[in-house]
Amino acid sequence: MLYPESLTQLLADSNQPVISLFINLETGGQAINANKIKLNSFSKQIREQLTTDYPEEKALLNQLEDLLSTAPQELAHIQSVAFYITAAGHYSQPLHYPITTEYFLIADQPDLRPLSSELSLSLNGTILCLNKTTFSLKSIQQNVIRDYPLPKDAPTTIEIGIGTERKGEVVQGFSSPTHSFVVKENEQLIDQTNYFRVIGRYLDDLLPEKAPIYVVTLPGNLNLFKELVVNPNYRMDQAIQTSPDSLSDDDLLDKLLTNARHELRQKALGLAERAASAYHGDSNLGDPEIILSRINNRQLTALIIPTAIAPSPTISADQIMDLNHMMIAAIQTGLPFYPVPVENIPTGLVAMGI
């Protein structure tokens with residue numbers, strides 16, 4: 001996986017050739033064999049170009065062979081993927097959309113254009129996995145989900161949170177063939193309400209200020225929790241209303257990204273309109289060299305780029321590589337960038353800085 005630290009390392013390896021490969025994959029029963037055939041076909045073409053253009057790059061060829069020996073088995077459930085191969089290592093990045101044009105490129109820098117949507121939608125914060133009587137946390141940093149370790153005394157269960165003497169607790173006494181203890185619904189609700197209040201207070205103290213908190217829980221739990229917490233960091237509009245126990249981390253990321261895409265799209269379109277208006281008053285905001293200089297000097301607040309990754313009537317082939325250089329500079333300096341449809345960028349421009 002292309003984790004944040006891997007991306008940093010990949011960009012640091014820019015003084016040597018990098019292979020960038022983008023393909024769609026088969027899923028299902030025959031996926032491994034079908035994907036192996038496709039990878040072997042692309043690898044043959046890559047070997048031929050390496051032999052012609054980079055005959056001394058034996059280490060790069062070795063990394064390509066190593067990738068081919070592991071990729072088909074590891075990627076049988078993924079629909080599309082980006083591969084990056086350097087002499088020092090190889091990385092894969094599953095994509096959440098099909099590749100329109102499959103291709104590879106060998107250049108001095110990785111080709112990040114097909115990752116524009118993935119890299120621009122970078123989720124950071126905490127995920128609350130909430131059940132009626134338990135909770136756990138996960139962290140998400142640049143779309144990478146990891147378990148969030150909690151102290152032993154954290155109220156991760158209702159017993160720890162509000163104790164064993166609860167309103168809804170059945171007191172053991174006698175048994176009868178004709179009678180059984182029934183916990184009243186309102187008593188269970190009292191317990192759950194008290195427990196959710198404990199969770200809310202605990203997380204207010206534990207988690208950093210202004211960091212988003214994404215909630216994964218069943219609809220009934222969500223409705224109650226929303227009534228009890230006032231922390232503005234909760235992204236209740238992006239809550240995932242299902243049992244957290246039913247989702248893998250990959251499933252969880254897919255749903256979080258789906259929920260966040262609409263918000264990002266609206267923000268990107270608003271910024272693109274503002275950038276286009278500013279460009280008409282300052283044409284330097286559309287000059288690739290000036291934009292790149294301002295990115296590196298941290299003089300911009302955002303970079304607007306087209307979602308198109310191929311030459312078009314409004315974008316030339318030369319500008320495509322300019323776009324890649326600007327994206328790399330934005331990532332290295334921490335500048336946010338926003339992909340928008342090419343028609344939202346003035347004709348002849350590959351990007352706009354604001």
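Predicted model: local features only at pLDDT ≥ 70, side-chain atom pairs only at ≥ 80, totals over all residues.
Strands of a sheet pair through backbone hydrogen bonds, in either a parallel or an antiparallel manner. Strand 10 and strand 11 run parallel and are joined by 4 bridges. Between strand 10 (residues 303–306) and strand 12, which run antiparallel, there are 2 bridges. Ile304 stands opposite Tyr338 in strand 11, while Leu303 has Gly353 of strand 12 as its bridge partner.

In a regular strand, side chains alternate between the two faces of the sheet. In strand 10, Leu303 and Ile305 point one way, whereas Ile304 and Pro306 point the other way. Each of these four residues is buried.

The nonpolar interior was examined next. In soluble globular proteins, nonpolar side chains tend to be buried together. The largest nonpolar core of the model has 30 residues. The residues with the most contacts inside this core are Leu123, Ile127, Ile140, Leu252, Leu256, Ile304 and Met352. Strand 5 (125–130), strand 8 (213–217), helix 8 and strand 11 are the elements that give two or more residues to this core. Helix 8 supplies the largest share, 12 residues. Ile304, one of the residues with the most contacts inside the core, also belongs to strand 10, where Ile304 and Pro306 point the same way. Apart from residues up to four places away in sequence, Ile304 touches Leu271, Ala272, Ala275, Tyr338, Val340, Ile345, Ala351 and Met352. A second, separate core has 29 residues, among them Val18, Ile291, Phe337 and Ala351.

Charged side chains were then considered. Side chains of opposite charge can pair when their charged atoms come close. The model contains 5 salt bridges. One of these joins Glu102 to Lys38, with the closest N and O atoms 2.7 Å apart. This pair links distant parts of the chain: Glu102 is in the loop between strand 3 (90–94) and strand 4 (103–107), Lys38 is in helix 2 (residues 31–53), and the two are 64 residues apart. Both partners are described by intermediate accessibility values. Glu102 is partly exposed, at a relative accessible area of 30%, and Lys38 is likewise partly exposed, at 24%.

Lys138 takes part in two further pairings. In the salt bridge between Lys138 and Asp147, the closest N and O atoms are 2.8 Å apart. Lys138 is buried, with a relative accessible area of 15%, whereas Asp147 is exposed, with a value of 58%. Lys138 also meets Asp249 in a salt bridge, at 3.2 Å from N to O. Because Lys138 lies in strand 6 (residues 135–141) and Asp249 in helix 8, this pair ties together parts that are 111 residues apart in sequence. Asp249 is partly exposed, at 30% relative accessibility. Through shared partners, the salt bridges join Lys138, Asp147 and Asp249 into one network.

A pair of aromatic rings is described by the distance of the centres and the angle of the planes. Across the whole structure, 5 aromatic pairs are found. The rings of Tyr195 and Phe196 have centres 6.4 Å apart and planes at 45°, so this pair is tilted. Tyr195 is buried, with a relative accessible area of 0%, and Phe196 is also buried, at 0%. For Phe225 and Tyr234, the ring centres are 5.4 Å apart and the planes lie at 85°, so this pair is edge-to-face. Phe225 and Tyr234 are both buried. Ring pairs link Tyr195, Phe196, Phe225 and Tyr234 into a cluster.

Key. Residues numbered from 1 in each chain as written. Heavy atoms only, no water. Pairing = 2+ DSSP bridges. Salt bridge = Lys/Arg side-chain N within 4 Å of Asp/Glu carboxyl O. Buried < 20%, exposed > 50% of the residue type's maximum accessible area, 1.4 Å probe, protein only. Core = buried A, V, L, I, M, F, W, Y, C linked by side-chain atoms within 4.5 Å. Contact = heavy atoms within 4.5 Å. Phe/Tyr/Trp six-rings, centres within 6.5 Å; stacked < 30°, edge-to-face > 60°.
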